[in-house]
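Subject: Structure handover, salt bridges

Hi,

My notes on its salt bridges follow below.

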Amino acid sequence: MAAPDLVIRGARLAGSGAPAVDLYLAHGRVLGLETHDPGRAHDAPAVEAGGLLLLPGLTDCHVHLREPGQEWKEDVATGLAAAAHGGFANVMCMANTKPVNDDASVTALMLDKARLSWPRGPRLFPVGALTVKLKGEALAAFAELREAGCKAVSNDGLPVHNTELFRRAVEYASDLGLIVIDHCEDPFLSPGAGINEGLVSSALGLRGQPTASEAIQVARDCLLAAYLQAPIHLAHISCRQSVEIIARAKEQGAPVTAETCPHYLLLTEEAVTGYNTQAKVSPPLRTSDDAAALREGLRSGVIDIVSTDHAPHAAHEKETPFDEAPNGISGLDSALALTWRLVAEGALSEADLVRALTKGADIFGLPVNRFAPGDPADVVLFDPNLTWTLTEQEMRSKSKNTPFLNTRLTGRCAGLYVAGKKIV
Amino acid sequence: MSWPHKDLLCVSQLSAGDVENVMRTADSFQEINARPVKKVPTLRGKSVVLFFAEPSTRTKTSFDIAGKRLSADTFSLAKSSSSLVKGESLKDTALTLAAMNPDAIVIRHPSSGAADFLARRLKCSIINAGDGWHAHPTQALLDLFTLRRIWGSVAGKTVLILGDIAHSRVARSNVLLLGMLGANVKLCAPKTLLPARPESWPVTTCPDLDEAVEGADAIMCLRLQLERQQAGLLPNLREYSRRFCLTAERLAKANPHAPVLHPGPINRGVEIASEVADSVESRILDQVSAGVHVRMALLHLYLTRRDAPAAG
């Protein structure tokens with residue numbers, strides 16, 4: 001082994017079941033992993049990480065950083081701060097900024113802001129718009145966006161109504177090695193309602209959205225992906241019907257991947273009771289049966305990954321009657337601890353958690369650490385026993401809109417290294 | 001005895017005993033409303049803001065009269081004259097009103113949960129005069145008052161609610177209140193005008209009015225908003241009225257002398273036939289009178305937090 005420039009000593013490798021290890025890093029890369037040797041001395045600086053879990057740097061494929069245009073909600077610097085403290089080495093930010101990221105100049109601006117605020121990482125990977133101004137009328141210039149640094153294209157938040165245009169977008173993007181990320185929501189079945197159609201919406205007198213609104217579009221996308229043999233990534237899946245459709249499509253070889261979010265795994269429509277706008281999100285929180293299907297889907301791999309759909313909104317924007325409030329949950333600060341809750345409850349294994357929070361890098365071709373020599377030295381030191389409260393002060397995101405605010409969480413990122421450099 | 005509630009947001013906040021209290025208090029105000037001089041000094045010096053962010057004639061007038069007959073000062077704030085049209089948020093409107101230190105705010109608002117929103121933020125009493133599709137507790141209480149004048153008690157009676165249930169705060173509040181007091185509630189509407197998962201409500205449903213009226217001891221018709229047709233929830237008004245208009249012929253299939261209620265304003269020939277609206281079974285104007293008694297009772301209870309009204 002060449003000379004390391006950093007050694008992380010005594011942590012346990014998440015999902016391995018193996019005893020403590022020593023991780024050797026050099027020049028931003030993994031040199032090697034060895035069984036922990038308590039007596040060994042090093043020339044290189046050493047970090048004593050006894051009692052901590054060693055995870056790869058995490059990847060979040062779905063965030064909204066609001067810059068340019070809505071910097072009162074979030075900006076690239078604060079969004080990446082939340083990502084860094086949340087354990088994320090890679091973050092993919094959606095295109096629904098103002099102006100929309102349908103142009104290389106907007107992508108370049110986002111990347112400049114990231115380089116200026118967090119020069120060593122977390123790394124930012126913008127997602128380009130699927131259509132010009134997200135209007136669903138004309139394809140954006142995918143090749144130009146890719147050259148500028150976009151890793152995927154999406155009309156997230158404003159799904160394309162026109163299935164012909166969507167089909168052509170998927171085909172055109174696949175030539176360029178870009179994956180289309182689709183926000184699955186029928187344009188007419190109560191779009192944006194922010195609450196599931198069911199017991200709670202009936203009692204509260206709110207227009208709810210049926211799960212079929214999502215599942216119909218999931219089915220459309222699965223059929224198109226299979227027919228075109230071109231990849232589609234299904235964003236923030238919220239319900240059992242969708243999980244079942246995706247499972248069948250994958251069995252038949254359709255090139256689809258799927259994500260869900262911590263709030264769909266842990267909360268139900270009941271969270272909206274009392275007109276709680278912090279639990280207003282699109283797609284809406286569903287039932288306990290849907291959450292159970294998502295957990296099982298995540299465990300079995302039908303659902304590939306967990307993303308945050310980090311959607312910051314200012315306090316005053318959420319402090320309105322329910323129907324006036326914007327959809328969205330601020331998630332980067334809490335996603336790791338919330339996913340860890342599923343491990344603590346036995347719903348996921350440690351290996352499942354690692355896959356859920358890193359496989360996005362494989363899907364979209366981002367750097368990822370699998371602890372093999374030569375892998376990027378992206379490392380999270382995770383304290384699984386630290387209990388903390390998700391207060392406004394603890395959150396690095398500019399916006400504190402989360403239904404988990406002021407709840408007790410167990411497990412926290414105690415350190416993030418990106419390419420061997422300590423970020424937090 | 002003291003009245004335990006600060007706000008009236010939904011009938012589900014009230015116990016059966018609270019409801020009885022409201023009814024008895026309303027009974028005593030009914031007597032005052034029959035006098036030549038219909039005014040008592042009970043609420044002298046109290047201010048009540050009537051904040052109506054949605055058009056309303058009868059509910060607002062009813063609250064206004066109720067307040068004035070109790071000698072409260074009432075102040076109206078309508079949407080057209082308020083800062084809401086200038087884009088002020090509900091929070092800021094509410095804080096502004098509260099800074100003028102009223103004793104109660106009566107609110108009508110198109111958003112479900114708007115009354116809850118105010119109640120969580122303001123110290124004064126909030127009386128919900130209708131929020132979106134959610135609740136209209138004073139309407140349900142005046143409907144109950146009307147039925148009790150006829151029957152004494154609603155327990156064991158079958159009440160048919162007919163029409164646009166899904167978008168009706170009147171229906172939601174009546175389902176809860178009548179259910180709590182032991183009435184059997186039946187709903188009759190096309191599925192497009194029923195709420196999601198009605199089986200979770202303490203009701204039975206029936207899409208055929210001729211069948212649904214059988215055995216009904218009272219029928220509550222609901223106003224059909226004309227925009228439901230534009231939203232594709234029904235083909236046209238003619239077909240709606242063929243299926244769901246309460247005609248004399250259909251009313252004859254209900255139990256004898258079954259009273260007919262309607263929260264108003266009525267669409268003659270759409271949800272209720274003109275002859276039924278003008279028949280002896282129609283209690284629509286009794287409901288309007290009951291509205292004043294019940295709202296006097298509610299203002300009294302919420303503003304004094306005591307139950308026995310001052311005789312006077």
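Which residue forms a salt bridge with A:Glu317? The partner is A:Lys73, and the closest N and O atoms are 3.1 Å apart. Please keep in mind that this is a predicted model.

This pair links distant parts of the chain. A:Glu317 sits in helix α10 (residues 315-318) of chain A. A:Lys73 lies in the loop between β6 (58-63) and α1 (76-86) of chain A. The two residues are 244 apart in the chain. Buried or exposed, A:Glu317 and A:Lys73? Both are buried.

Next, a pair of neighbours in numbering. A:Arg220 and A:Asp221 meet through their side chains in a salt bridge, at 3.1 Å from N to O. A:Arg220 is buried. A:Asp221 is buried too.

Then a pair within a helix. A:Arg240 and A:Glu244 form a salt bridge, with 3.6 Å between the closest N and O atoms. Why is about one helical turn between A:Glu244 and A:Arg240? Because they are four residues apart in helix α7 (residues 240-251) of chain A. A:Glu244 has a relative accessible area of 48%, so it counts as partly exposed. A:Arg240 has 28%, so it is partly exposed as well.

There is also a network. A:Glu164, A:Arg167, A:Arg168 and A:Glu171 are joined into one by salt bridges that share partners.

For the overall count, the structure holds 37 salt bridges over all chains. The pairs described here are among them.

Best wishes

Key: Residues are numbered from 1 along each chain as its sequence is written. Chains are lettered from A and ligands numbered from 1 in the order in which they are written. This is a predicted model: local features need pLDDT of at least 70, side-chain atom pairs count only at pLDDT 80 or more; totals for chains, interfaces and linings use all residues. Side-chain values use heavy atoms; hydrogens and water are left out. A salt bridge is a side-chain nitrogen of Lys or Arg within 4 Å of a carboxyl oxygen of Asp or Glu. Buried means under 20% relative accessible area, exposed over 50%, partly exposed in between (1.4 Å probe, protein chains only).
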